[in-house]
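Here's a quick tour for anyone meeting this structure for the first time. Have a look at the sequence and the model, then read on.

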Amino acid sequence: MKKTAKIKWADFNKEIADDNYYYLRSCIRQNFFPGSEKAFLDILRHNLHKTIFDDASHTTCAGIGYHADIVTFETLQTIAARHFSLMNERGIPSAVVSCITSFGIYSEILATWEEFPEEKEKIRAYLKKATGREFEVPENVVHSCDIIYKFRNEIAAQMKSPLINQKTGKPLKIVDHIGCHYSKMFPERGVGGAEFPKVLTGMITAWGGETVDYPERRHCCGFGFRQYLVKSNRSYPMSNSKKKFESMAPYKPDAILANCPGCTMFFDRWQYTLGQIEGKTYGEDGNGIPVLTYEELAGLVLGYDPWKLGMQLHQVDVEPFLDKMGVQYNPDDKYKGLNGKYINQPDFSGCLKV
Amino acid sequence: MKDLDFLTSTPSRQIDYEKFDTRLLDSVLENETSFLTCMSCGGCTATCSAGNLTNFNVRKIGLMLRRGEIDQLSVEIEKCMFCGKCTLVCPRDINIRNVVLLIKKGIALLKTENILS
Amino acid sequence: MMNKPRHIAVIGGGIAGMETASRLAQAGYKITLIEKERITGGHLTQWSHLFPDSSDPAIVVSRLSSALSHQNIKVITSTEITDISKNGQYFNLKSGSEMSLNADAIVVTSGFHLFDASRKEEYGYGLFDNVLTSADLELMMKNEKPIRTASGKKPRRIAIIHCVGSRDAKAGNTYCSKVCCITGIKQAIELNKRLPECEIFCFYMDLRLYGSSFDGLYLTAQQKHKVQFIRGRLSEAAEKPDKSLQIKAEDTLSGRPLRMDVDMIILLVGMEPGISHNNFSRNGSVQLDENGFLKCKDVHAARNLTTQTGIFMAGTCICPMSVSETLENARSAALEVINYFERKM
């Protein structure tokens with residue numbers, strides 16, 4: 001911490017590689033928001049003309065097991081070392097991590113190795129023994145939201161729908177929520193540090209929107225694996241989210257933008273749960289506040305079809321937000337899959353079942 | 001006998017320094033010397049995610065450790081979620097997360113040695 | 001006495017430099033006082049009240065200013081010393097390429113700068129309209145502006161936050177700035193005088209009231225001005241829709257987290273070593289202590305002597321000090337300089 005002591009965080013920027021990335025996917029995002037990772041690859045390749053390698057042979061980082069006290073730290077480090085080895089094999093020096101939990105895990109491991117080099121040597125031996133592989137630490141490890149942040153202005157230059165309310169002409173008000181493991185553990189690994197990271201607000205303002213600061217902005221969403229994995233504890237994460245909704249609602253935000261798979265999922269689904277339990281919603285007209293991933297927001301801004309972005313899987317209906325933005329979409333296509341085939345639809349979406 | 005309650009059934013509220021079990025404290029201090037510098041400012045508790053919704057008090061974890069109240073400590077320590085926000089705000093730069101971790105390890109050891117039920 | 005008056009350069013025209021210069025001039029030495037700002041007087045020119053007697057700092061400054069108009073004193077303002085070198089028996093002082101002068105001895109009185117509160121970003125200084133520093137409040141009172149929130153309303157509740165940038169490893173300053181506690185109490189009293197309806201809370205870790213009359217002021221604040229004290233360090237401040245602020249701390253005495261809405265926050269910012277110290281230490285002419293202040297030769301016997309013979313120091317370039325301590329310290333530095341030359345004779 002000594003080296004960071006005199007930093008003025010508002011001016012702090014971290015190093016983010018320019019091109020040639022190795023993509024480390026998330027386990028749970030592909031279930032929660034399955035279109036987002038695809039959108040990230042599409043935006044990088046087609047809009048930003050970057051090279052990114054999506055490797056079928058990388059595995060989970062085992063973060064869920066680690067945080068649930070099932071997987072040991074040694075195992076966790078060895079898995080990460082294997083991923084680094086895969087990167088070395090391809091000659092790719094920069095990792096882009098899709099999940100905040102994984103990003104936190106990699107940050108923790110790299111910090112551990114910096115502080116305790118003997119730990120790294122131990123893992124070197126473990127990996128060799130288990131797989132015969134060797135590894136070197138990547139030059140740059142960032143979260144995928146860092147990449148979108150870095151190229152926010154390039155995206156703005158190709159913008160089809162800015163974050164402007166088409167009816168009023170005013171900027172859309174968007175609340176950001178940063179996953180705790182993005183920079184609360186290692187402030188120097190986040191754009192703008194731990195208290196007010198700029199990574200999401202930078203996107204919002206670059207694309208014409210307005211950011212909202214509210215009292216519980218820095219509070220955790222409550223996700224915490226050891227809470228929500230135990231069903232009897234689940235009201236605990238829920239009360240954390242509720243604390244946040246209560247605090248942001250008076251600002252009447254048009255959407256919530258998050259960078260963590262867990263937070264995004266919780267904010268989306270808990271609004272329904274709270275609606276059912278308490279009969280209260282936090283958005284307009286009985287709807288909740290739409291919750292977006294940053295890839296979805298970037299995709300919408302760039303004119304991607306919302307249903308191709310996977311937005312039909314949201315619990316809180318996104319249509320009011322799309323309408324405000326003036327995004328063109330066909331309501332009949334909402335539940336059509338990639339090949340135009342009907343993919344079935346939920347009994348109910350939104351927050352209040354009437 | 002009811003009249004003699006204070007004599008028979010009420011445990012003394014006095015902190016008895018002579019009865020402290022310092023093994024846990026010693027092991028924590030040995031492995032995380034930064035804990036020596038706590039000045040009980042309460043910044044940790046104010047920011048603690050767990051303490052916001054439960055009666056968990058992360059500052060008192062340190063206090064219980066220093067006062068040798070291991071039975072109570074072993075119950076309270078389970079409420080920590082390891083989010084690390086306490087470590088982030090600590091003006092003494094104490095690795096509080098590691099202190100909690102070391103306490104948990106120490107308690108597990110005491111349990112396996114049947115010293116603690 | 002000496003055949004020829006010795007020439008002494010005093011670097012820094014705050015109260016320490018002014019007092020040292022005038023005392024040495026009275027003793028017959030020739031003085032050049034160099035100040036980087038346009039005027040002398042230092043931080044006190046921006047301050048409204050002094051503890052513990054609530055007096056006007058302008059009285060101190062004007063007394064020192066008139067003492068400066070001595071025939072032996074030359075004052076150079078708007079000039080910052082960038083380099084000091086030893087040239088035989090002289091010290092050579094330079095300000096860029098514009099100014100160069102020789103002196104037989106130097107007294108460094110370069111003072112402090114206030115902690116930049118925006119570095120404690122969790123408190124929202126520079127982000128939220130109603131988060132002020134103690135210096136902002138002093139300036140407001142000095143200019144006789146009514147104490148109002150950014151939107152012009154009378155604040156109903158104000159929180160004064162102790163130890164901002166002091167005793168804080170995360171801000172890189174582990175030392176105590178010493179004068180903030182009593183400043184906070186003094187400001188609480190001044191606020192209550194101006195806003196009798198307003199509730200005032202001080203959030204502290206320890207109240208360090210070291211002066212003989214400081215505890216008396218603490219008592220007055222409690223008894224007469226109904227200032228309330230909560231023992232807990234602020235973890236964060238956040239702005240609400242109406243621009244009031246929500247703060248979080250632990251009420252450590254009841255052992256529970258506390259949340260409070262206030263209309264205004266005053267951050268008691270501490271003293272940091274002056275940036276110019278790096279200029280002095282860069283060429284090894286003087287050493288710094290573990291906190292970045294100038295290191296003294298002996299903490300008991302030679303408080304005004306730097307690690308370099310012939311370079312003396314006084315005031316808050318040594319450590320945080322109150323006004324009265326600074327002035328005493330300046331007089332003590334003048335005495336050390338006189339002793340130095342008399343021994344040399």
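What follows looks at two interfaces, one inside a chain and one between chains.

## Ground rules

This is a predicted model, so to speak plainly about confidence: local features need pLDDT of at least 70, side-chain atom pairs count only at pLDDT 80 or more, and totals for chains, interfaces and linings use all residues. Residues are numbered from 1 along each chain as its sequence is written, chains are lettered from A and ligands numbered from 1 in the order in which they are written, and side-chain values use heavy atoms, with hydrogens and water left out.

## Two domains in chain A

Chain A splits into domain 1 (17–144) and domain 2 (153–333), with bounds taken from an automatic or database domain assignment. Their centres, taken over C-alpha atoms, sit 25 Å apart. Domain 1 puts 32 residues into the contact and domain 2 puts in 31, where contact means heavy atoms within 4.5 Å.

How much area is buried between the two domains of chain A? It's about 2800 Å², with carbon and sulfur atoms giving 68%; buried area is the accessible area (1.4 Å probe) that two parts lose on being put together, summed over both. Phe32(A), Phe33(A) and Ile100(A) supply 24% of what domain 1 buries here, more than any other three residues.

## What holds the domain side

One salt bridge turns up across this domain interface, a salt bridge being a side-chain nitrogen of Lys or Arg within 4 Å of a carboxyl oxygen of Asp or Glu. Glu295(A) and Arg29(A) pair up in a salt bridge at 2.7 Å, N to O.

On the side of domain 1 that touches domain 2, α1 (29–32), α2 (34–47), α3 (63–67) and α5 (100–115) of chain A each supply at least two residues; helices (H or I, at least four residues) and strands (E, at least two) are DSSP runs, numbered from the N terminus. The largest share, nine residues, comes from α5(A).

## Where chain C meets chain A

Now for the chain-to-chain interface. Chain C brings 22 residues to the contact and chain A brings 19. Together they bury about 1600 Å², 49% of it on carbon and sulfur atoms.

The count of salt bridges between chain C and chain A is three. Lys8(A) forms a salt bridge with Asp116(C), with the closest N and O atoms 3.2 Å apart. On chain C's side, β13 (234–239) and β14 (245–251) each supply at least two residues, and β13(C) gives the most, with four residues.
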